[in-house]
Amino acid sequence: MYRILLVLGLTVVAVIFLLPSLLGESSAGWGFLPNRKVHLGLDLQGGTHLVMTVEADKAVENALELMVDEMRGELRKANVRPKSIERVAGPALQVVVPTEQSDPLSQVLKDRFPNLEVKGSQTVGQELTVQLVFYKAEVQQMKESAIEQSLETIRNRIDQFGVAEPIIQRQGDREILIQLPGIQDPQRAKDLIGRTAVLQFKLVREGANPEEYRDSKKLPPPGTQILWDAKKDEFGNRRRGSPYVVESRTLMTGDVLTEARVRPGELPNSRIVSLDFNARGARLFEEITGANVQRRLAIILDDTIYSAPVIREKIGGGRAIIEGNFTADEAKDLAIVLRAGALPAPVTVAEERTVGPSLGKDSIRQGMISFALAGSLVVLFMVVYYKFAGFLADMALIFNVAYLLAALIALDATLTLPGIAGIVLTMGMAVDANVLINERIREELRLGKTPRAAIDAGYERALPAILDSNITTFLSGVILFQFGSGPIKGFAVTLCIGLITSVFTAVVGTRVVYDYLLSRRRLQTVSV
Amino acid sequence: MELIPPGTKIDFVGYRNVAILASIALIAVGGAIMVLRGGFNLGIDFAGGSVVQVRFGQTATAEDVRRALDGADVGAVTIQDLGGVANEFLIRIPQVPGQEESMTKRAVDALKAKFGADKVDVLRVESVGPRVGKELRQKAILAVLFATVMMGVYIWARFEWRFGLGAAVALFHDVFLTLAALILWNYELDLTIVAALLTIVGFSVNDTVIVSDRIRENMRKDHRAPLAAIINRSINETLSRTILTTGTAWLVVTVLYFLGGVVIQGFAFALVVGFIFGTYSSIYIASPVVLFFERGGGASRRRA
């Protein structure tokens with residue numbers, strides 16, 4: 001009796017979970033139904049799966065780079081005159097001072113730079129060379145925060161870009177997993193995420209002819225560097241344009257930004273991006289523009305010059321604009337990355353899997369056809385081979401698929417193409433339990449047992465084999481789940497759930513029918 | 001309906017030496033194929049690199065695609081015409097560290113320039129960096145090994161150690177021969193293949209469990225019969241079930257192979273051949289191993 005209640009109860013629960021997916025929109029008003037549908041994986045609904053590696057080492061290098069200026073300032077205050085201060089490979093900070101200044105140098109290091117440790121020092125003639133590195137714990141923490149901050153920044157960018165139900169999470173040591181379902185232009189999203197977005201303002205060196213440096217054979221004048229602007233090719237990709245000679249010193253960076261917005265430009269259908277600075281930025285910008293009237297100020301994003309307008313007058317009010325030949329999307333994306341801020345370290349794509357919407361539709365269609373055909377063949381075969389018992393096994397199979405789908409919805413599992421294959425495979429393997437039972441019943445009948453005794457013995461004797469064989473398959477499914485990602489996990493999930501539901505429907509579900517028939521004493525012969 | 005009439009007595013155990021020789025020969029041939037083909041044909045999941053699957057809105061040949069990509073500086077691409085589907089091609093772009101992204105973009109741009117942007121439907125783009133490829137490779141090998149050993153241990157715990165050993169040997173046999181078949185038929189090894197291998201492991205051990213279960217039952221019923229006779233009887237008694245279950249499972253994976261689409265074709269192929277090896281090995285590999293160690297397990301058998 002308990003069996004029939006169990007089957008009925010589970011069936012009701014399964015139907016409740018399945019209804020929203022079956023009815024589509026028309027079930028919206030039925031408040032008692034759970035508001036869940038089959039969750040399709042990226043390979044079925046289309047979308048992009050990205051794994052980005054955060055080059056956290058670069059964040060440490062950048063931090064050391066910043067120490068160069070700081071070190072110079074502190075040493076000057078202490079009247080230490082270094083021969084050179086530079087960042088060297090390692091990464092380390094290398095300071096060269098005359099030997100007689102070694103004591104004041106160590107004093108400055110001790111007082112002002114407690115986060116640096118001396119990795120090595122040597123005296124050659126009258127010069128002392130000291131190599132400094134961050135403490136290990138400091139480096140660890142720097143990398144950690146670079147990854148956390150990258151995660152936060154990327155999340156901000158994607159939120160502002162507007163993707164429904166994105167997944168952005170840390171994966172492993174220094175990777176970020178990003179899933180963007182149903183995205184129309186994956187390249188654009190990738191550009192938006194991958195851009196480091198370091199905004200810098202530098203002065204253009206007057207009197208130098210940039211064309212001389214185009215083939216990069218000639219070294220730029222001391223204190224300057226060559227940067228390029230971008231030209232668009234026929235596909236709208238930005239390619240290297242013309243060279244500029246700019247002063248190496250960065251006057252201002254994007255960290256003073258409070259807002260970036262797209263505005264219409266002066267020409268029809270043109271756009272500019274306006275920038276708002278905070279108080280410190282506004283003051284800085286006023287000083288810079290005031291001191292350099294008539295010179296050109298280069299606005300640089302990730303080492304590419306966006307524009308280099310001539311400063312007409314001192315600019316107060318903490319506002320600047322970036323002009324450029326932007327499309328609407330480009331301007332929007334530029335504003336997003338400026339608003340969300342720079343990544344503390346560059347990120348690179350370690351893995352990308354993008355499925356276009358049309359392939360996803362194809363896959364669903366092919367999966368459905370395989371499912372329908374494979375299912376019909378199995379159902380047909382069972383009923384031909386076992387007659388009534390085969391019909392029972394087929395009913396169990398249908399209930400099994402319903403339970404399986406309901407479980408996927410209830411557990412919020414993702415249905416992928418290999419997952420559909422897993423459901424198809426489950427149908428082929430699920431009948432095993434009923435085959436085992438039916439073969440046993442046949443054997444017992446051959447021994448001359450009554451139908452009731454044969455059925456009892458059949459179910460009872462087949463059970464250990466059914467359990468053992470399904471547990472082993474279940475184990476390999478669990479290992480697969482541990483190993484796999486995305487689509488493969490989807491397969492492992494459907495396989496494992498399918499095993500559980502199939503054992504239940506085959507062992508408990510079909511038994512209910514026999515119980516009923518036996519209780520009414522209608523069963524004179526077993527059709528198996 | 002009955003495929004195998006009751007009372008069938010095929011002397012499986014008698015043929016075991018022939019079967020074992022056949023398996024050894026197959027494994028040798030498989031090994032030779034692996035060596036001759038220069039090892040596995042690793043897909044991008046394990047080797048790194050990129051694939052782009054495109055569909056053209058007009059008639060195109062692999063040669064057209066190659067010409068379009070010639071000037072795009074994307075390295076030594078291979079182009080596969082996904083026959084049967086109209087104008088669909090799979091373009092494989094070899095690994096250039098740090099360049100995966102721009103390579104696929106360059107390839108797509110070149111195709112759009114040649115065929116027109118509205119005629120090119122980019123169905124799928126996948127890129128895997130070298131580090132990820134290496135990681136996945138290690139994980140895949142570990143997963144398959146671990147699954148195989150786990151199965152052996154489980155059966156050891158549920159039955160006897162010789163059954164566990166027999167199952168593990170049978171599983172290695174199945175996995176090895178399936179891999180050889182994949183190489184012979186030029187399928188790429190990717191993550192879905194690993195999923196297939198683990199499924200084969202689960203399926204094959206399934207059969208072994210059923211036969212072992214019956215052997216144990218028959219041992220209890222009949223203490224005096226020689227083990228060989230008991231194994232033979234058990235295989236014969238479960239033969240009908242073995243053929244039916246393998247049949248239905250094989251039926252559905254064959255359907256998947258023909259109708260499931262190009263993305264899971266390799267996966268379905270591995271299952272189609274793997275299920276055959278799996279069933280065969282339960283009868284001809286796992287049971288002979290049990291028999292081979294009869295002396296060792298004889299004492300415990302009498303106690304059981």
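**Figure 1. Thr48(A) sits across from Leu180(A) in E8(A).** This close-up comes from a predicted model. The two strands here are E2 of chain A, residues 47-54, and E8 of chain A, residues 175-181. They run antiparallel to each other and are joined over seven bridges. Helix H9 of chain A, residues 357-386, packs on the sheet. H9 of chain A touches E18 of chain A, along with E1 (49-56) and E4 of chain B. Compare the direction of this helix with that of E4(B) and you get about 90 degrees.

**Figure 2. An open sheet of eight strands takes in both chains.** Read across the sheet and the order is E7(A)-E8(A)-E2(A)-E18(A)-E4(B)-E1(B)-E3(B)-E2(B), with antiparallel pairing.

**Figure 3. E18 of chain A pairs with E4(B).** Here a strand of chain A, residues 347-355, lines up with a strand of chain B in the antiparallel sense. How many bridges does the pair have? The answer is five. For a landmark, find Glu352(A): the residue opposite is Ser127(B), in E4(B).

**Figure 4. The contact between the chains draws on 60 residues of chain B and 57 residues of chain A.** On the side of chain B that touches chain A, the elements giving two or more residues are H4 (100-115), E4 (120-128), H5 (130-158), H7 (191-221) and H8 (227-259). Which of them gives the most? That's H7(B), with 14 residues. By residue type, this side of chain B splits into 34 nonpolar, 13 polar and 13 charged. For the model as a whole, the scores are ipTM 0.88 and pTM 0.84.

**Figure 5. Phe56(B) lies in strand E1 of chain B.** Is this residue buried or exposed? Phe56(B) has 20 other C-beta atoms within 10 Å, and 20 or more is the cut-off, so Phe56(B) counts as buried. Leaving out residues up to four places away in sequence, Phe56(B) touches Asn87(B), Phe115(B), Lys119(B) and Val120(B). Ile210(B) is another matter: 154 residues separate it from Phe56(B) in sequence, and the C-alpha atoms are 50 Å apart.

**Figure 6. Arg112(A) belongs to helix H4 of chain A.** That helix covers residues 102-112. Arg112(A) has 15 C-beta neighbours inside 10 Å, so it goes down as partly exposed.

**Figure 7. Domains in the two chains.** Chain A is divided into domain 1 (2-45 + 356-519), domain 2 (58-139) and domain 3 (195-354). Taken over C-alpha atoms, the centres of domain 2 and domain 3 of chain A are 31 Å apart. For chain B the assignment gives domain 1 (13-42 + 133-303) and domain 2 (49-128). The centres of these chain B domains, again over C-alpha atoms, are separated by 39 Å.

**Figure 8. Chain B is built from 10 helices and four strands.** Start at the N terminus and the elements run α-α-β-α-β-β-α-β-α-α-α-α-α-α. The C-alpha trace of chain B spans about 80 × 45 × 30 Å along its principal axes. Of the 304 residues in chain B, 50% are buried. Among contacts in chain B with a separation of 6 or more, 77% link residues 24 or more positions apart.

**Figure 9. Confidence along chain B, down to its helix H10.** The mean pLDDT of chain B is 87, with 94% of residues at 70 or more. Which element has the highest mean pLDDT, and which the lowest? Helix H6 of chain B (residues 161-184) has the highest, at 93, while H10 of chain B (residues 294-303) has the lowest, at 49. Over residues 296-304 of chain B, pLDDT stays under 50. For that stretch, the model has seven contacts beyond four places in sequence.

How values were computed:
Residues are numbered from 1 along each chain as its sequence is written. Chains are lettered from A and ligands numbered from 1 in the order in which they are written. This is a predicted model: local features need pLDDT of at least 70, side-chain atom pairs count only at pLDDT 80 or more; totals for chains, interfaces and linings use all residues. Two residues are in contact if their C-beta atoms, placed from the backbone, lie within 7 Å. Ala, Val, Leu, Ile, Met, Phe, Trp, Tyr, Cys and Pro count as nonpolar, Asp, Glu, Lys and Arg as charged, and the others, Gly among them, as polar. Two strands pair if DSSP finds at least two bridges between them. Domain bounds come from an automatic or database domain assignment. A residue is buried if 20 or more other C-beta atoms lie within 10 Å of its own, exposed if 12 or fewer, and partly exposed in between; C-beta atoms are placed from the backbone. pLDDT is the predictor's confidence in each residue, from 0 to 100. Axes are lines fitted to C-alpha atoms, for helices over the stretch in contact, and angles run from 0 to 180 degrees between N-to-C directions.
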